[in-house]
Amino acid sequence: MSQLSQQEGPAPQAGAIMESVQDRIENGENIEQVEKAYLELQTRLVGALDSTKTILKDIREFNKDSWVVRYPRLAESSSKSLDNGAADGSPSRPLRRSLSFADDPSSSLEVVMRPGMQRSMTLASVPEHEEPASDETAQKIPPQDDASSLLPVHSDLQVLRLDLKLGPTGASSTASFLVNQLEKASIANLLEERIKVSMSYIDKLKTRVEDTSSKILVTGDLNAGKSTFVNALMRRDILPVDQQPCTGMFCEVHDAAENEGREEIHVMKQGVAYKRTDESTFIRAPVEDLESLVVDEENAQRSLKLYLYDARAPSESLLHNGIADIALIDAPGLNRDSVKTTANFARQEEIDVVVFVASAANHFTLSAKEFLWNASQEKAHIFIVVNRFDDIKDKARCRRTVLEQIKQLSPGTYEDAEDLVHFVDSNSALHSQSTNSSFEKLESDLRSFVLLNRSKSKFQPVATYLDNVISDVNLLSASNAILAETERDQARADLERARPALEAMKSNRDGLEDGLGDVEDDGASKAQARTRDRLNKGLDRVACGQLAEEGGISIPEYPGLFSVVDYTREVKKALLASLDLSVKLAEDEARLITAAGVEKIGDMAEKYLPEDVERSRRVFKPDAMFSPRTAKKARRASGILVVGGVHGLGIGLSQRPDMLEVSFLDIMDIQHRVSAHLNQSDDKSSLDSNDAAAGALTLGSLGVGALTLTSGKAIGLRGAFHGLVKITDLISNETVRKWAVPVLGAFTIGLTAYFILELPNTIPRNVGRRIKANLVVGEEGQEEELKFVNAHCSRVGKETRKVLRIASWDLRERFRNAMDDRQREVKGKEEQERTALKAIEFFEDVASRAAEVNSIVHQ
């Protein structure tokens, strides 16, 4: 629970915390006791100022290094459950308010304010489950856009208030609206600057408290008679007076006793700290030159000190009073120009008493009202002189109007109007020989206020300022402590949710990796196995002269002996096309296997990814696998790949001219026939039943038939001539002639049987065997390997693995990013919790220290 400084009604009167010297004398105390009490109070206030400055310094450093201090606003609560009972005026009744912050006005928190020590209230958040005393249910306050919904000024920061005066015209130009438009960091920077200004102001207040002299600023509107009033107090015409503005610089009037009894003027040099004993810091001038100095525009930016001798008795003189050193400061008119007005505002921090001179005819101008309102923030009591009152006919109406204005501008002054507000005519008091009772009362009250009530006149502004600063500190610490508690609770709630999720992801990480690896391996190996099985069976069928796959492809009909070459080419094309179809079917099967793997990966995403993680939007397109574009890129990359596989293999075999070329061995594979007969007993697998039937024919008849068929294609012209010569030699041989007719007959019969019976069936087998032989590679001492099958198995497996790996990679990245997000979230929430705890501890300490300062000021 945090302490919030909350002013309830007007500030406590100085008499409640520090009695006047006059009262103490009247009560029988001697002047030594009064002076001792004065010094004790002075010591307490100096300590309170030092403590307050330290608190502000700590808040500023904490705002810069550890926590962005938020700018609070308290507004009326829509819930009347607690406020209804406050109508009886009981100060102990709790008040319900809506707490929001300038950088986030849309959100608010209901808080309860309970009266505590003097000028302080306890601020605590309202639990959401709390039931109100009335039938009306307490709810969160909706955002308040209208500045009029805010509480009076004491519900907002006072000294540290961000009072912006820029922005669009109309209702939105209010300070609260403009602050709400800024970001949190910008507001924190502005607040830091305000704290810096307040620390500087406290230093000047400390100097004022430690200073045994008192400074009285005589200010007011232009031509209100300020210089005439000072002359009347001195009972001599010393300051220049004219109908037009005369005083253009600050004139500090001191007792000549402070200057070794000499009357003279010290014109202070700009940019140099004045020191009476150091003539390099000022320029001496005789008193007679005063008028020329103050009206000279060249000296407008300077100040001067005027040392005068007052021959009156100490009991009558304000300057030569015998108690304290007094300085009367005659200031330029407020509405003379903006520079002079700003200078008057700036000097308030070094002033103990403000004597405001107003014209009875003009009352208070806008400049005067603004000055009095600002001065009343520090000085609860201002000495007001309504000059030239003798010129007013309706004096009662004038008095009534002026007092009403003072009531609005300075309530503390209005309450003591009998002693602080005087209606006089300074010129009449200065030059009249008769007694001026009203001015004599003014002098007596001013002397009492400045001298006898030094505790009130000198220390009350300091106490008032400290009250306002401590009030702001309490509001800042209490509201930010509540905010820190809210952030701490939110961080803990988030950690309760995020930590188990992070631990679950860490424990499931290895399972996800193993599962994704299994899906990739299983998919690739299954696709390879299916492809190998299908292509091996297809090649075996092709080697037997059959189509690898049935699917719209058929072996062409035998057209006859004279078109046997074209027939062989068409058979080869059909067998190759069936192998292409087998590869295509293997790819289709791999697509199904890949789709099943992708679906498994999707199921794993649902299992391992948290619910708030976005799922992959990738769509698996089976047709994109084994696309020509992908294969074309692969071929360009390696230089040896074509569509579907290794050079010379793969999809498109039936469209390659080099694979469709017809050779002699495609028609009659003599080498195979010889090998089949020679190794028939050892290798039965090389011949099928059709090969055995064809073996019944003689090798001679096959050879001669082949020579006859291929004619000049089989042997050259020279070879034919030599053969003819040898045949002639054989014919001349008697034995040869004897057997020629039977042999020729047998050869003719065999050749005719081969062409009629075996050639249409042998060509598909010959072509199939040669196709398979071309797709098989083997080295000496090694088992033959199906180059075609392995190449496609590798290609299909790689493509399947690639697709599954892409899906796996996407899931891995999402899982990794989700886990990183959880880790960052946990670390962030842990840091938020630590920072919030640190802020709670800090603001509670600040509230405690502020309470100590408050007790010092008001003890």
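Student: What should the 27 residues of helix 5 span at 1.5 Å a residue, and how far apart are its end C-alpha atoms?

Tutor: This is a predicted model, and in it helix 5, which runs over residues 184-210, should span 39 Å at 1.5 Å a residue, while its end C-alpha atoms are 39 Å apart, so the two values agree.

Student: Which residues of helix 5 are buried?

Tutor: The buried residues of helix 5 include Ile187, Ala188, Leu191, Ile195, Met199, Ile202, Leu205 and Val209, and Glu192 and Arg208 are also among them.

Student: What is Leu191 in contact with, leaving aside its neighbours within four places in sequence?

Tutor: Leu191 is in contact with Val69, Tyr71, Leu157, Leu160, Leu162 and Leu476, once those neighbours within four places are set aside.

Student: Which residues have the most contacts inside the largest nonpolar core?

Tutor: That core has 52 residues, and those with the most contacts inside it are Ile59, Trp67, Leu191, Val473 and Phe843. At least two residues of this core come from each of helix 3 (31-65), strand 3 (95-101), strand 4 (104-115), helix 5, helix 15 (454-543) and helix 25 (787-858), and helix 15 gives the most, with 14 residues.

Student: And how many residues are in the second, separate core?

Tutor: The second core has 43 residues, including Ile238, Ala285, Ile326 and Leu430. As general background, nonpolar side chains in soluble globular proteins tend to be buried together.

Student: Switching to helix 10, which of its residues are buried?

Tutor: Cys398, Val402, Gln405, Ile406 and Leu409 are buried in helix 10, and because these buried residues fall within an arc of 100° when seen down the helix axis, they line one face of the helix. Ala396 and Gln408, on the other side of helix 10, are exposed.

Student: What do the buried residues of helix 10 pack against?

Tutor: They pack against helix 9 (366-378), strand 13 (383-387), helix 11 (411-415) and strand 14. As for the length of helix 10, its 15 residues (395-409) reach 21 Å from the first C-alpha to the last, close to the 21 Å expected at 1.5 Å a residue.

Student: Where is confidence lowest in the chain, and where is it highest?

Tutor: Confidence is lowest in strand 15 (residues 641-642), with a mean pLDDT of 34, and highest in strand 14 (residues 421-423), at 94. The pLDDT is also below 50 over residues 165-173, a stretch that has 9 contacts in the model beyond near neighbours in sequence. Over residues 683-715 the pLDDT stays under 50 as well, and there the model has 37 contacts beyond four places in sequence. The chain as a whole averages a pLDDT of 75, with 68% of the residues scoring at least 70.

Student: OK, backbone next. Which value is phi of Arg235 near?

Tutor: Phi of Arg235 is near 60°, which is a positive value in a residue other than glycine, and Arg235 is found in the loop between helix 6 (226-234) and strand 7 (250-255). Most residues other than glycine have a negative phi. Glu260 likewise has a phi near 60°, and its place is in the loop between strand 7 and strand 8 (264-268).

Student: Is Glu260 buried or exposed?

Tutor: Glu260 is exposed, because its relative accessible area of 58% is over the 50% cut-off, whereas Arg235 is partly exposed, with a relative accessible area of 35%.

Student: Which loop holds Asn223?

Tutor: Asn223 lies in the loop between strand 6 (214-220) and helix 6, and at 30% relative accessibility Asn223 counts as partly exposed. The C-alpha atoms of Asn223 and Ala358 are separated by 9.1 Å, although these residues are 135 residues apart along the chain.

Student: How far apart in space are Val272 and Phe282?

Tutor: Val272 and Phe282 are 8.5 Å apart, C-alpha to C-alpha, and 10 residues apart in sequence. Val272 is found in the loop between strand 8 and strand 9 (282-285), and Val272 is partly exposed, with a relative accessible area of 39%.

Student: Last one, on the whole chain: how many helices and strands are there?

Tutor: There are 25 helices and 18 strands in the chain, and buried residues make up 47% of its 859 residues. Among contacts with a separation of 6 or more, 77% are between residues 24 or more positions apart. The chain exposes about 43000 Å², of which carbon and sulfur atoms supply 51%.

How values were computed
Residues are numbered from 1 along each chain as its sequence is written. This is a predicted model: local features need pLDDT of at least 70, side-chain atom pairs count only at pLDDT 80 or more; totals for chains, interfaces and linings use all residues. Side-chain values use heavy atoms; hydrogens and water are left out. pLDDT is the predictor's confidence in each residue, from 0 to 100. Helices (H or I, at least four residues) and strands (E, at least two) are DSSP runs, numbered from the N terminus. Contact means heavy atoms within 4.5 Å. The expected span of a helix is 1.5 Å times one less than its number of residues. Buried means under 20% relative accessible area, exposed over 50%, partly exposed in between (1.4 Å probe, protein chains only). A nonpolar core is a set of buried Ala, Val, Leu, Ile, Met, Phe, Trp, Tyr and Cys residues joined through side-chain atoms within 4.5 Å. The arc is that of the directions from the helix axis to the C-beta atoms. Accessible areas come from the Shrake-Rupley method with a 1.4 Å probe; for residues, only the protein chains shown count as cover.
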